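Hello,

Here is the structure I promised to pass on to you. Have a look at it first, and then read my notes below.

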Amino acid sequence: MSALPVNLERRRKRSTQTITALTLQLEHIFEREQLRNFTLGDSRGLVIAQAGDDAESDILAAYAPLLCRSTEKGHRERILARMPHFVPGIEADAIHVKSFEVDGEPLFLTIVGQPGVYRHVGMYRAVTGVRRILGQIPGE
């Protein structure tokens with residue numbers, strides 16, 4: 001047995017406020033993965049939490065449900081082709097959208113960053129973090 005105390009808590013910033021906790025979760029991954037934007041939106045295309053430019057997050061949240069529902073490659077490409085009109089300097093291969101559900105409600109995480117494995121790791125961490133935060137019941 002060690003005489004040194006062991007701190008098992010890895011999170012440095014915490015909040016009991018749900019929206020603040022979600023924002024801190026996204027900001028942590030945003031900084032760690034050096035993303036341009038990281039947005040959590042709902043099925044209506046509204047921002048729930050975000051890290052990055054506010055106006056950019058509004059556009060990404062609005063388009064995320066459309067991008068996830070587009071199964072036809074040409075339709076998805078047409079949607080992505082419009083993005084630079086609203087978000088200057090953004091490239092189609094830099095955008096990744098993941099849909100998932102919490103309590104039966106669809107949510108959408110949108111990452112804008114360099115393509116690659118690390119972007120997907122950040123997405124996985126965010127999905128698990130969002131589910132953890134939203135799964136908590138106040139007072140428990």
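**Ser 99 and its surroundings**

Leaving aside residues up to four places away in sequence, Ser 99 touches Cys 68, Leu 107 and Phe 108. Before you go further, please keep in mind that this is a predicted model. Ser 99 lies in strand E3, and with a relative accessible area of 37% it is partly exposed. Because that value is not under 20%, Ser 99 does not count as buried. Look also at the pair Ser 99 and Cys 68: they are 31 residues apart in sequence, while their C-alpha atoms are 6.8 Å apart in space.

**The chain as a whole**

The protein chain has 4 helices and 4 strands. The chain has 140 residues, and 39% of them count as buried. Its accessible surface is about 9100 Å², with 52% of that belonging to carbon and sulfur atoms. If you take the contacts between residues at least 6 apart in sequence, 49% of them join residues at least 24 apart.

**The sheet**

In what order do the strands of the open sheet stand? The order is E2-E1-E4-E3, and the pairing of these 4 strands is antiparallel. Strand E2 (47–51) and strand E3 (95–102) are at the edges; each has a single partner strand, so one side of each has no neighbour in the sheet. On average, neighbouring strands are turned by 15° against each other, direction ignored. As background, strands of a sheet pair through backbone hydrogen bonds, in either a parallel or an antiparallel way.

You can walk through the sheet pair by pair:

- E1 and E2 pair in the antiparallel sense over 4 bridges. They form a hairpin with 4 residues between them, and Gly 45 in the turn has a positive phi of about 85°.
- Strand E1 (residues 37–42) is joined by 6 bridges to strand E4 (residues 105–112), and the two run antiparallel. Asp 42 stands opposite Leu 107 in E4.
- E3 and E4 also run antiparallel, joined by 8 bridges. Between them are the 2 residues of a hairpin, where Asp 103 in the turn has a positive phi of about 55°. Here Phe 100 stands opposite Leu 107 in E4.

Helix H2 (residues 54–69) lies across E1, E2, E3 and E4, and it runs at about 55° to E1.

**Strand E1 and Thr 39**

Is E1 mostly covered or mostly open? E1 is mostly covered, with 6 of its 6 residues buried. Asn 37, Thr 39 and Gly 41 point one way from the strand, while Phe 38, Leu 40 and Asp 42 point the other way, and all are buried.

Thr 39 stands opposite Gln 50 in E2 and opposite Thr 110 in E4. Its side chain makes a polar contact of 3.0 Å with the side chain of Ser 57, and another polar contact, of 2.6 Å, joins the side chains of Thr 39 and Asn 37. Not counting residues up to four places away in sequence, Thr 39 touches several others, including Leu 26, Val 47, Leu 60, Ala 61 and Phe 108.

**The nonpolar cores**

In soluble globular proteins, nonpolar side chains tend to be buried together. Which residues have the most contacts inside the largest nonpolar core here? They are Leu 26, Phe 38, Leu 40, Phe 100 and Leu 109, in a core of 20 residues. Helix H1 (18–32), E1, E2, E3, E4 and helix H4 (117–135) each supply at least two residues of this core.

Another core, of 14 residues, lies apart from the largest one, and among its residues are Ile 79, Leu 80, Ile 90 and Ile 95.

Enjoy exploring it!

Best wishes

Methods: Residues numbered from 1 in each chain as written. Predicted model: local features only at pLDDT ≥ 70, side-chain atom pairs only at ≥ 80, totals over all residues. Heavy atoms only, no water. Pairing = 2+ DSSP bridges. Axes fitted to C-alpha atoms, helices over the stretch in contact; angles between N-to-C directions. Contact = heavy atoms within 4.5 Å. Core = buried A, V, L, I, M, F, W, Y, C linked by side-chain atoms within 4.5 Å. Buried < 20%, exposed > 50% of the residue type's maximum accessible area, 1.4 Å probe, protein only. Polar contact = N/O pair within 3.5 Å; in protein donor to acceptor, adjacent residues only side chain to side chain. Areas by Shrake-Rupley, 256 points an atom, 1.4 Å probe, with all protein chains shown as cover.
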